[in-house]
Amino acid sequence: MTNENNVTSASPDGEVTLDILPVDNDTPTDGEPQPRVAVITIRRDHKRNSLNADVCSQIATYVHEAENTDSVRAILLRGEGKAFCAGADLAGGVYTSAFHHNLDAMLTSITHSPLPVIADVHGPAVGAGTQLAMACDLRVVGESGWFSVPVVRLGIAVDPWTIHRAVELLGGARARSFLYTAERLEPDAAISAGLASSRGNHDDAWQVAVDQATNAPLTLRYLKAVFNQVVPTGVAQGGSSEGTGHDDEVLTAVHERLRTECWDSDDAAEARAARSEKRSSVFKGK
């Protein structure tokens with residue numbers, strides 16, 4: 001695992017970057033490294049941050065890098081410029097199997113990550129951009145942010161996961177309206193529908209990420225695993241690691257083990273001690 005105090009990485013073409021930043025709060029760390037947030041930024045403003053196979057691959061790579069960097073407790077996903085992500089780059093080979101494979105791998109990397117992932121949505125999140133935002137755990141939408149999946153106007157289709165995720169977030173009737181009509185959800189409507197978690201600017205999104213980074217990591221991992229019905233990346237089960245396609249019995253066993261680990265953790269003991277001593281908890285993910 002890497003442990004640099006401040007890490008800045010960029011893809012070879014500079015279109016995706018990773019910055020690992022300390023939360024800079026006043027919470028004592030009890031000698032432990034300061035919790036940090038990994039900020040992944042799509043830097044294709046000239047293409048409205050649209051996705052191609054390489055960008056999808058790089059985002060997935062940076063998600064995994066964040067997971068394997070000491071003291072990183074949350075991921076913040078952003079788009080540089082006027083758009084969060086305007087969907088698939090229609091001039092960038094998106095009709096090929098490679099794009100769809102990498103798109104799926106990117107979404108899976110986010111849903112299976114043990115870290116909470118926050119989308120900082122400013123400007124449009126269209127098509128694959130909405131898929132990217134929906135894969136995240138929380139979505140903060142700015143004044144200029146909006147969501148749409150206009151596949152019915154393009155003659156193409158999203159994968160079943162996207163449809164089920166829309167139902168999960170918006171509810172069945174609202175999801176049908178959203179997808180059947182290519183509806184554009186502005187900030188207030190997105191919050192009302194359940195697609196956005198809260199409204200705010202970049203600083204507000206950063207604060208959401210900081211708040212998650214200072215929460216109990218094992219509890220967040222368990223909650224995310226159950227919400228997404230997955231085995232998180234890095235969690236072994238029956239000789240295998242992460243992935244999809246686990247049967248219900250295996251999934252239930254893994255989730256129960258993760259729940260037990262929360263109750264038996266040093267972090268749970270730390271929270272009890274902090275309450276007794278009237279101080280903030282210092283969680284270590286142990």
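How are α8 and α9 oriented to each other, roughly parallel or roughly antiparallel? This is a predicted model, in which local features need pLDDT of at least 70 and side-chain atom pairs count only at pLDDT 80 or more, while totals for chains, interfaces and linings use all residues. Residues are numbered from 1 along each chain as its sequence is written, and side-chain values use heavy atoms, without hydrogens and water.

| Pair | Angle | Axis separation |
|---|---|---|
| α8 (residues 217–228) and α9 (residues 248–263) | about 160 degrees | 9 Å |
| α4 (residues 160–170) and α5 (residues 172–180) | about 125 degrees | 7 Å |

Helices are DSSP runs (H or I, at least four residues), numbered from the N terminus. Axes are lines fitted to C-alpha atoms over the stretch in contact, and angles run from 0 to 180 degrees between N-to-C directions.

α8 and α9 are therefore roughly antiparallel (over 145 degrees). Their crossing is left-handed (near helix turned anticlockwise from the far one by less than a right angle). In α8, Leu218, Thr219, Arg221, Tyr222, Ala225 and Val226 meet His255, Leu258, Arg259, Glu261 and Cys262 in α9, contact meaning heavy atoms within 4.5 Å. These residues comprise six nonpolar, two polar and three charged; Ala, Val, Leu, Ile, Met, Phe, Trp, Tyr, Cys and Pro count as nonpolar, Asp, Glu, Lys and Arg as charged, and the others, Gly among them, as polar.

α4 and α5 cross in a right-handed sense (clockwise). Ile163, Ala166, Val167 and Leu170 of α4 touch Gly172, Arg174, Ala175, Phe178 and Leu179 of α5. Seven residues of this contact are nonpolar, one is polar and one is charged.

Technical notes: Helix = DSSP H or I, 4+ residues; strand = E, 2+ residues; numbered from the N terminus. Parallel < 35°, antiparallel > 145°, perpendicular 65-115°, else oblique.
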